Number of protein chains: 2
Amino acid sequence: MFEFLHQKVNETIKITNEEFEFAKTLFIPKKLRKKRFLLQDGDVCLYTTFVERGLLRSFTIDDKGNEHILQFGLQGWWVGDLYSFLTEEPSEYNIEALEDSELLLITKSSWDLLLDEVPAFERYFRTLIQNNLIATQRRLMGTMSTTAEERYHKLLRDFPDISQRVPQHMIASYIGVTRETLSRLRSQMVSGN
Amino acid sequence: MFEFLHQKVNETIKITNEEFEFAKTLFIPKKLRKKRFLLQDGDVCLYTTFVERGLLRSFTIDDKGNEHILQFGLQGWWVGDLYSFLTEEPSEYNIEALEDSELLLITKSSWDLLLDEVPAFERYFRTLIQNNLIATQRRLMGTMSTTAEERYHKLLRDFPDISQRVPQHMIASYIGVTRETLSRLRSQMVSGN
DNA sequence: GAAAAAGTGTGATCCAGATCACATCCATTT
DNA sequence: AAATGGATGTGATCTGGATCACACTTTTTC
């Protein structure tokens, strides 16, 4: 159950076996079936979650009822709503399993404890958040300076298998266009290129 | 010179006087005049920078020559290109002073040293990056789900004095529209509301 | 303090992508 | 295997914001 987390943590920091054994006691394993929700908007995000296997998505729903996907949570990724998790304010995000998934949950108090007791984890999370920030800034600048088609190609490059695993309308919602626009884009690509 | 940094750091973590005195030795004070650049795209971002006073902006220039502003760096904020700073790859960003500014620069090696020697700083930066990530994610979702007008109002709410301090065309470039569109938006607001 | 440069407003026109409306296709479920 | 609901394709039309063009104003610079 903890193999993937162990591997991921080891990639960025040095950690002793005792430290990791301690960390293991703080996580709550959970299986989540396809189409089930880990978080619904309006609820407080009580856990930050590591994806051991499976696939999740986090998304908001705007006033007009349209969904906007913030993130796909693949194996080895973390998902959650940081703001709600830290402040215990109600979340604006939904997190849903797109495939049967195996997760490791950690509560705020356990997380605080882990950071206090194992400084290496503080560094691990700092690095994690740092890389996430870099990627999110890029995505933001991308939405301001590139076309839908360029964003689609970039997504295919960055996550080659995602288009086989999730429906097209969710990919559309990730790159910030309607499903119709993405559909037309794809048919142009087949003929034109 | 270090008053503001000290204050900001103290807001999030507990730090001893010795620790802060040590930190001070790692920063390089620098004055940057209006219109001068701290970083130009193509160069490696050698410093992460704290703004003691003044105002900077970081932005990219796309293929068509349009500027896109990632961030305004006000007093008490950090600016830099994290990716380039960490990897020493050439940056895609430009950082320019919009007002005469007083800055505190820190190199990658000093930064690494600071994080190793003073764990409280690791926590400070983790918190800082964390809050930046939350804000950037919100801005990203905002560009996907709200109109230019809503984004403009949000900017005015979040940074009430920014519209007095920077030209309108930069505000347009921050919210992701052309200067013409923002101009029309503003004249509609005067008449319509 | 004159000239140059930077910033803003506003009209005319254009276009990427949204919206609306169906048709079709595919996967579960019973 | 029929039925139900999710997913996709595609036409017709609409629209927010971009682009182009030029006038005017304010700020810098020498």
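Q: What makes A:Ala148 and B:Ser183 residues around DNA strand C?

A: A residue is near a strand if its C-beta atom, placed from the backbone, lies within 6 Å of it, and 15 residues are around DNA strand C, of which A:Ala148, A:Thr181, B:Pro167, B:Gln168 and B:Ser183 come nearest. This is a predicted model, in which local features need pLDDT of at least 70, side-chain atom pairs count only at pLDDT 80 or more, and totals for chains, interfaces and linings use all residues. Residues are numbered from 1 along each chain as its sequence is written, while chains are lettered from A and ligands numbered from 1 in the order in which they are written.

Q: Which element gives the largest share of the surface near DNA strand C?

A: That share, six residues, comes from α9(B), where a helix is a DSSP run (H or I) of at least four residues and a strand a run (E) of at least two, numbered from the N terminus.

Q: How many residues does each chain give to the contact?

A: Two residues are in contact if their C-beta atoms, placed from the backbone, lie within 7 Å, and the contact takes 25 residues from chain A and 26 residues from chain B. On the side of chain A that touches chain B, α5(A) gives the largest share, 18 residues.
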